[in-house]
Amino acid sequence: MQISKPGPLPTDSDINLIGRLLPLHGSRLLELGCGGAAVTRLLAERFPEVEIIATEVDQCQHEKNLLIDDLPQVSFHYGGAEAIDQPDSSIDAVVMLKSLHHVPQDKMDQAFAEIARVLKPGGLLYISEPIYAGDFNEILRLFNDEKVVREAAFAATVRAVESGLLELVEEIFFEAESRFAGWEEFEQRILGVTHSEFDIDAALLARIKEAFSAHLDDAGEAVFRMPMRVDLLRRPA
């Protein structure tokens, strides 16, 4: 297993990869760390035959998610990956989209144990994590350097495989496209999250805005190509 891959990467998306790699027809899908449920909505709309259990550890965001009333096949639950409120062997597939590195480092191994517990034998775990590289990462590290936590997340993934808890099926590297319709959207989506607190004073905010604004095109939009790694794991049958 490798944490990154040198050279050019193909463009893809988690939604497309999930559609190709996971069992979705009539299955129970557990999303750990759904955030504002944007991807949850995409999954529900593209794969209406799937029952989705979407969890979020940020109480403020979870309460907002509970107000969503137009996704009948989705149920929102509060809690972290290290304590999943689902029965043993009850889930066909688990997805973690940029959320593993947010699990406290001392609870990552427990999170993998919980995932293995709730997965059915042969069930799949899809982990998508950002690679520590690229223009967007350079902006992010001005106020939230995730190098250590991303390395810890990868190390925990390797431990889960080497211990035999889960099996590695495939490792995939790709570039995901992320668009922002100007500084205001970046400030809302990235700086305004409630699951993390950033120590940003006026001077640092100006530096972040300057770094972001350098990527704005003539239409006032910023487009980033973000290198990603997917680890597809399976609970042994």
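User: Is phenylalanine 212 buried or exposed, and what is its relative accessible area?

Analyst: Buried means under 20% relative accessible area, exposed means over 50%, and partly exposed lies in between (1.4 Å probe, protein chains only). Phenylalanine 212 has a relative accessible area of 0%, so it is buried. This is a predicted model, in which local features need pLDDT of at least 70 and side-chain atom pairs count only at pLDDT 80 or more, while totals for chains, interfaces and linings use all residues. Residues are numbered from 1 along each chain as its sequence is written, and side-chain values use heavy atoms, with hydrogens and water left out.

User: How many aromatic pairs are there?

Analyst: Rings of Phe, Tyr and Trp (its six-membered ring) pair if their centres lie within 6.5 Å; planes under 30 degrees apart count as stacked, over 60 as edge-to-face and the rest as tilted. The count by this rule is eleven aromatic pairs. One of them joins phenylalanine 180 and phenylalanine 186, whose ring centres are 5.6 Å apart with planes at 65°, so this pair is edge-to-face. Phenylalanine 180 is buried at 1%, and phenylalanine 186 is likewise buried, with 1% relative accessibility. The rings of phenylalanine 212 and phenylalanine 224 have centres 6.2 Å apart and planes at 40°, so they form a tilted pair.

User: Which elements hold phenylalanine 212 and phenylalanine 224?

Analyst: Helices (H or I, at least four residues) and strands (E, at least two) are DSSP runs, numbered from the N terminus. Phenylalanine 212 lies in helix 8 (residues 202-213) and phenylalanine 224 in strand 7 (residues 222-234), so the pair ties together parts that are twelve residues apart in sequence. Phenylalanine 224 is buried at 3% relative accessibility. Both rings belong to one aromatic cluster, formed by Phe136, Phe180, Trp183, Phe186, Phe212 and Phe224.

User: Which residues of the largest nonpolar core touch the most other members?

Analyst: In soluble globular proteins, nonpolar side chains tend to be buried together. A nonpolar core is a set of buried Ala, Val, Leu, Ile, Met, Phe, Trp, Tyr and Cys residues joined through side-chain atoms within 4.5 Å. In the largest core, of 28 residues, those touching the most other members are Ile18, Leu22, Leu29, Leu43, Ile52, Val74 and Tyr126. Elements giving two or more residues to this core include helix 1 (14-21), helix 2 (38-46) and strand 5 (119-130). A second, separate core has 25 residues, among them Leu30, Val118, Ala160 and Leu166.

User: What is tyrosine 126 in contact with, beyond its neighbours within four places in sequence?

Analyst: Contact means heavy atoms within 4.5 Å. The partners of tyrosine 126 include Asp14, Ile18, Leu22, Val94, Met96, Val230 and Leu232.

User: How many salt bridges are there?

Analyst: Side chains of opposite charge can pair when their charged atoms come close. A salt bridge is a side-chain nitrogen of Lys or Arg within 4 Å of a carboxyl oxygen of Asp or Glu. The count is 17 salt bridges. In one of them, arginine 20 meets aspartate 12 at 2.9 Å, N to O; arginine 20 is exposed at 55%, whereas aspartate 12 is buried at 18%.

User: Where do aspartate 70 and arginine 41 lie?

Analyst: Their side chains meet in a salt bridge (2.9 Å, N to O). Aspartate 70 lies in the loop between helix 3 (59-65) and strand 3, and arginine 41 in helix 2, so the pair ties together parts 29 residues apart in sequence. Aspartate 70 is partly exposed at 44%, and arginine 41 is partly exposed at 27%. Salt bridges that share partners join Arg41, Glu45 and Asp70 into one network.
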